[in-house]
Amino acid sequence: MESSFKTQPLLLLLLLLFTFSSITESNQFCNAGIEYGESSCGVSSSSSKILIKGGTVVNAHREEVADVYVEDGIIVAVKPNIKVGDDVTVLDATGKFVMPGGIDPHTHLAFEFMGTETVDDFFSGQAAALAGGTTMHIDFVIPVSGSLTAGFEAYEKKAKKSCMDYGFHMAITKWDEVVSKEVEIMVKEKGINSFKFFLAYKGALMINDELLLEGFKKCKSLGALAMVHAENGDAVYEGQKRMIELGIFGPEGHALSRPSLLEAEATARAIRLAGFVNTPLYVVHVMSIDAMEEIATARRKGQRVIGEPVVSGLALDESGVWDPDFVTAAKFVMSPPIRASGHDKALQAALSTGILQLVGTDHCSFNSTQKALGIDDFRNIPNGVNGIEERMHLVWDIMVESGQISVTDYVRITSTECARIFNIYPRKGAILPGSDADIIIFNPNSSFEITAKSHHSRSDTNVYEGRRGKGKVEVTIAGGRIVWENDELKVVPGSGKYVEMPPFAYLFNGIDKADAEYLSSHRVPVKRFKSTD
């Protein structure tokens, strides 16, 4: 008994050292145990006045060598040789690019899904984003028991720990008069201008075509953008049953149960129904050649369809889900699935030629313990991968370093086009006088390496593990504060702001005229004479 007592302090010390080591190795950013308001991550101590000198300023429309002067969170001037006083923090960007911070249009933070909740909340997920050069994201509010109001209130609370700016999309999981009125409130009072309809996840989030049409009509009337997760949920359900009947229970069953033709079918159906209503459509996470070609066909005909690939679809192929190690294979499970080799290159080409318009992540991160919920049945593996921190680096390496797009195009697909689509340009997505000071300094001659040990997500895995490439975000400025510099984060919970997004963005320009032209071209209603017999 005495011997046991004497060894307890040593055991306690070893336990503490092991715990500290584990947290450090997996980089559980700002320890998961630290609650909101008690963070030890540090605060940016930089001046509210910043001068970025000598860099190449890149906007979507042009690039120029100029200085950028920031004061109180706003860009005040963009021109050569700006002179400032001693109270200004000066950053030398000579030989580097000065670009708008990235805007990620597709994330799921603090998302309750498939019996668990994503490991990244509105603090850890945003901190990871800032380390990767993204300064704003748009997350999806999920209704509570179908109620948009309850869902919005829940996400307001979740977002109180935000450390960068964010906006909200709203998911629609049912439709009735109450929801219809709530949609109006969201648009007119809550700053939401986009609504997502799930054509997949039967029995959970999926809606039918009748409700989809009602939602499309309502979105059009309010100037809100309709978005779709495009997979045929009924067919996916059949595909899952087929896999189980064949004795396929592992992660590969996930990919086999929802092939690309089901993504293409739902994409085509949503496009045609949006065309029937004549309202713009945004297709999220385009993962296959099949779905991309449906978008290309619609755009050639003049339909207003936006296609959003995500970085996992551009950078990876499906080989990961066939890995014999369950932990490795399960981390790649997402929906729609990452496709076979060849789809990635085709999506890259579509992005470079304008068929697809911007890049998101669908960051929806679960750790290996959560993924193990489906160790005996792939249907129970929480769907989702990381990407909010890696997107800016991977898109540069895949698209710019390969010569597929220009530097100005890079700004467009990672920031500006998102700001335009969701009607917050030029407040966001630009380095112009009056724009928010969300800025990155990017060194094209530096390099990056991605590992779970060094990333800032709370997940213990990374689907891009070991990936190396050229180009690195060296400084991130968010809201006029230097939050990432010298590979160090300086952020605090509660410093991020909710960005309201007004309706009737540019995609709605001329819609009313097109409707009027359609009616007048058919000369309706036809005047008929009644028989006098």
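**Strands first, then helices**

Tutor: Strand 9 and strand 10 pair in the parallel sense, over 6 bridges. Keep in mind that this is a predicted model.

Student: Which residue stands opposite H137 in strand 10?

Tutor: Y166.

Student: Is strand 10 buried or exposed?

Tutor: Buried. All 8 of the 8 residues of strand 10 (residues 165–172) are buried, so the strand is largely enclosed by the rest of the structure.

Student: Which residues sit on each side of strand 10?

Tutor: D165, G167, H169 and A171 are on one side. Y166, F168, M170 and I172 are on the other. Both faces are covered.

Student: What is the strand order in the sheet?

Tutor: The order is 6-9-10-11-12-13-14. That makes 7 strands in an open sheet, with parallel pairing.

Student: Which strands stand at the edges?

Tutor: Strand 6 (102–107) and strand 14 (305–307). Each has a single partner strand, so one side of each is left without a neighbour in the sheet.

Student: How much are neighbouring strands turned against each other?

Tutor: By 25 degrees on average, with direction ignored.

Student: Back to strand 6. How many bridges join it to strand 9?

Tutor: 4 bridges, and the two strands run parallel. Strand 9 covers residues 134–141. One of the bridge pairs is G102 with T134 in strand 9.

Student: What about T107? Is it buried or exposed?

Tutor: T107 is found in strand 6. It is buried, with a relative accessible area of 0%; the cut-off for buried is under 20%.

Student: What is T107 in contact with?

Tutor: Leaving aside neighbours within four places in sequence, T107 is in contact with H137, I138, D139, F140, T361, H363 and I388. H137 is the residue that stands opposite Y166 in strand 10.

Student: How far apart are T107 and N423 in space?

Tutor: 18 Å, C-alpha to C-alpha. In sequence they are 316 residues apart.

Student: On to helices. Which strands does helix 15 lie across?

Tutor: Strand 6, strand 9, strand 12 (225–229), strand 13 and strand 14. Helix 15 (residues 407–421) runs at about 60 degrees to strand 6.

Student: And how do helix 8 and helix 9 cross?

Tutor: Their axes come within 7 Å and cross at roughly 25 degrees. Helix 8 and helix 9 are therefore roughly parallel to each other, as angles under 35 degrees count as such. The crossing is right-handed.

Student: Which residues meet there?

Tutor: From helix 8, S260, L261, E263, A264, T267, A268, I271 and R272. From helix 9, D290, A291, E294, I295 and A298. The residues of this contact divide into 7 nonpolar, 2 polar and 4 charged.

Student: At what angle do helix 9 and helix 12 pack?

Tutor: About 25 degrees, with their axes 9 Å apart. Helix 9 and helix 12 are therefore roughly parallel to each other. Helix 9 passes helix 12 in a left-handed crossing.

Student: Which residues make that contact?

Tutor: I289, D290 and M292 of helix 9, with H343, A346, L347 and A350 of helix 12. They divide into 5 nonpolar, 1 polar and 1 charged.

Student: How many residues of helix 12 are buried?

Tutor: 7 of the 10, so helix 12 is largely enclosed by the rest of the structure. The buried residues are H343, D344, A346, L347, Q348, A350 and L351.

Student: What do those buried residues pack against?

Tutor: Helix 8, helix 9, helix 10 (311–315), helix 14 (391–400) and helix 15.

Student: Let's zoom in on L351. Where is it found?

Tutor: In helix 12, which spans residues 343–352. L351 is buried, with a relative accessible area of 0%.

Student: What is L351 in contact with?

Tutor: Neighbours within four places in sequence aside, P309, L314, L356, Q357, L358, V359, M399, R412 and I413.

Student: How far is L351 from S124?

Tutor: Their C-alpha atoms are separated by 29 Å. Along the chain, the two are 227 residues apart.

Student: Last one. What follows helix 12?

Tutor: G354, whose phi is positive, near 90 degrees.

Conventions. Residues numbered from 1 in each chain as written. Predicted model: local features only at pLDDT ≥ 70, side-chain atom pairs only at ≥ 80, totals over all residues. Heavy atoms only, no water. Buried < 20%, exposed > 50% of the residue type's maximum accessible area, 1.4 Å probe, protein only. Contact = heavy atoms within 4.5 Å. Pairing = 2+ DSSP bridges. Axes fitted to C-alpha atoms, helices over the stretch in contact; angles between N-to-C directions. Parallel < 35°, antiparallel > 145°, perpendicular 65-115°, else oblique. Left-handed = near helix turned anticlockwise from the far one by under 90°. Nonpolar A, V, L, I, M, F, W, Y, C, P; charged D, E, K, R; others polar.
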